[in-house]
Amino acid sequence: MKDLRAYGDHAIVTGASSGIGEQFARQLAAAGVNVVLVARRKDRLEALAAELSAAHGVESRAVALDLLADGAIDELSRQVDGLDIGIVVANAGIYYAGPFVENALSDELDVLALDGALPLQLAHRFGREFVGRRRGALVLVSSSIAASPVPYEANYAAVKAYVLSLGQALHHEWRKDDVDVLVVSPGPTQTEGLDNAVGIDFSMLAGAKMDPARVARTALRNLGRRAHVIPGLSNTLADLAGRYLLPRSASVRMYGRIIGRALTGTAGGAA
Ligand SMILES: NC(=O)c1ccc[n+]([C@@H]2O[C@H](COP(=O)([O-])OP(=O)(O)OC[C@H]3O[C@@H](n4cnc5c(N)ncnc54)[C@H](OP(=O)(O)O)[C@@H]3O)[C@@H](O)[C@H]2O)c1
């Protein structure tokens, strides 16, 4: 693994109050990087910040922020003004499954904004700085389902495919500027996000759920080495099958059957 401190003094982790983001924060702090923890639940962020500072002697800052609020990136920029930000982990995300027309449009638009537009904004805001000074790293969190269109997760899968494409392109663009970009595409991972997922019961899906610490560890180990990583052999094989072995139509049908079987029928809203 690269010395993560070489990118800069601080890392920003969005969605650090639970799940994969919390594990990114823990592992960055353990590597000696100061962390800026971003999410809405202030109590959780403050408890984690105190724990990480005590355990690793790093500076940990809790930034309680709704990233869907107007001007969120400007507010985040204000909060980190003057810090040497070396790494940005754009991890915060939400998820809705279910028949597309039964889901609330406002929920789907929030997915598009938080999972898609926010990584774009973070990449643009901090990427300019990184490229200008020729130092920095961006980690984007996609999903193993980005390999194929996915019925009943149509918008989420499309947004994650966008994130993957954005990150792989930026990886190439910024390589000449010594700026690293990595997209990590986790498969099903045991987090609150998975447990509380709306519209789907992940326990109905076969296969073990990955430890979120492993997702973060795999990503950080591959930062600076490649453009894209899928943690876990079975997730990697499923990605290869979805991408190269199956015709697109067969892959869509397969995902439609798998996800369709796990729907709870509780998704949806009228907005
Ligand atoms: N778990 C999986 O199986 C899986 C698989 C593939 C990809 N992923 C991706 O991995 C990332 C993390 O997911 P996770 O499973 O770790 O979920 P999680 O445990 O629910 O964590 C999501 C994080 O995002 C934050 N967040 C949500 N809405 C926010 C908002 N409006 N403003 C600021 N922060 C917000 C949450 O914090 P607050 O609620 O405190 O704001 C939380 O810290 C997501 O991008 C997800 O799509 C997950």
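Which residues form one aromatic cluster? They are Y95, Y156 and F202. Bear in mind throughout that this is a predicted model.

1. Aromatic pairs. The count of aromatic pairs comes to two. Y95 and Y156 are both buried.

2. The pair of Y95 and F202. Why is the pair of Y95 and F202 called tilted? The ring centres of Y95 and F202 are 5.6 Å apart and the planes stand at 45 degrees, so the pair is tilted; planes under 30 degrees apart would count as stacked and those over 60 as edge-to-face. F202 lies in the loop between α6 (192–195) and α7 (212–222) and Y95 in the loop between β4 and α4, so the pair ties together parts that are 107 residues apart in sequence.

3. F202 counts as buried because its relative accessibility is 11%. The cut-off for buried is under 20%.

4. A charge over a ring. The charged end of R125 sits over the ring of F126, at 4.4 Å from the ring centre.

5. The shell around the ligand. How many residues surround the ligand? There are 32, and the closest are R40, R41, N91, Y156 and T191. By type, the shell divides into 14 nonpolar, twelve polar and six charged residues.

6. Where the shell comes from. α1 (19–30), α4, α5 and α6 each supply at least two residues of the shell around the ligand. The largest share, three residues, comes from α6.

7. Polar atoms at the ligand. A polar side-chain atom of T191 lies 2.6 Å from an oxygen atom of the ligand. For N91, a polar backbone atom is 2.8 Å from a ligand oxygen. I20 places a backbone N or O atom 2.9 Å from an oxygen atom of the ligand. On its own the ligand has 870 Å² of accessible area, and the protein covers 92% of this.

Technical notes
Residues are numbered from 1 along each chain as its sequence is written. This is a predicted model: local features need pLDDT of at least 70, side-chain atom pairs count only at pLDDT 80 or more; totals for chains, interfaces and linings use all residues. Side-chain values use heavy atoms; hydrogens and water are left out. Rings of Phe, Tyr and Trp (its six-membered ring) pair if their centres lie within 6.5 Å; planes under 30 degrees apart count as stacked, over 60 as edge-to-face and the rest as tilted. Buried means under 20% relative accessible area, exposed over 50%, partly exposed in between (1.4 Å probe, protein chains only). Helices (H or I, at least four residues) and strands (E, at least two) are DSSP runs, numbered from the N terminus. A charge sits over a ring if NZ of Lys or CZ of Arg is within 6 Å of the ring centre and within 35 degrees of the ring normal. A residue is near a molecule or strand if one of its heavy atoms lies within 4 Å of it. A polar contact is a pair of N or O atoms within 3.5 Å; within protein, one must be able to donate a hydrogen and the other to accept it, and residues adjacent in sequence count only if both atoms are side-chain atoms. Accessible areas come from the Shrake-Rupley method with a 1.4 Å probe; for residues, only the protein chains shown count as cover. Ala, Val, Leu, Ile, Met, Phe, Trp, Tyr, Cys and Pro count as nonpolar, Asp, Glu, Lys and Arg as charged, and the others, Gly among them, as polar.
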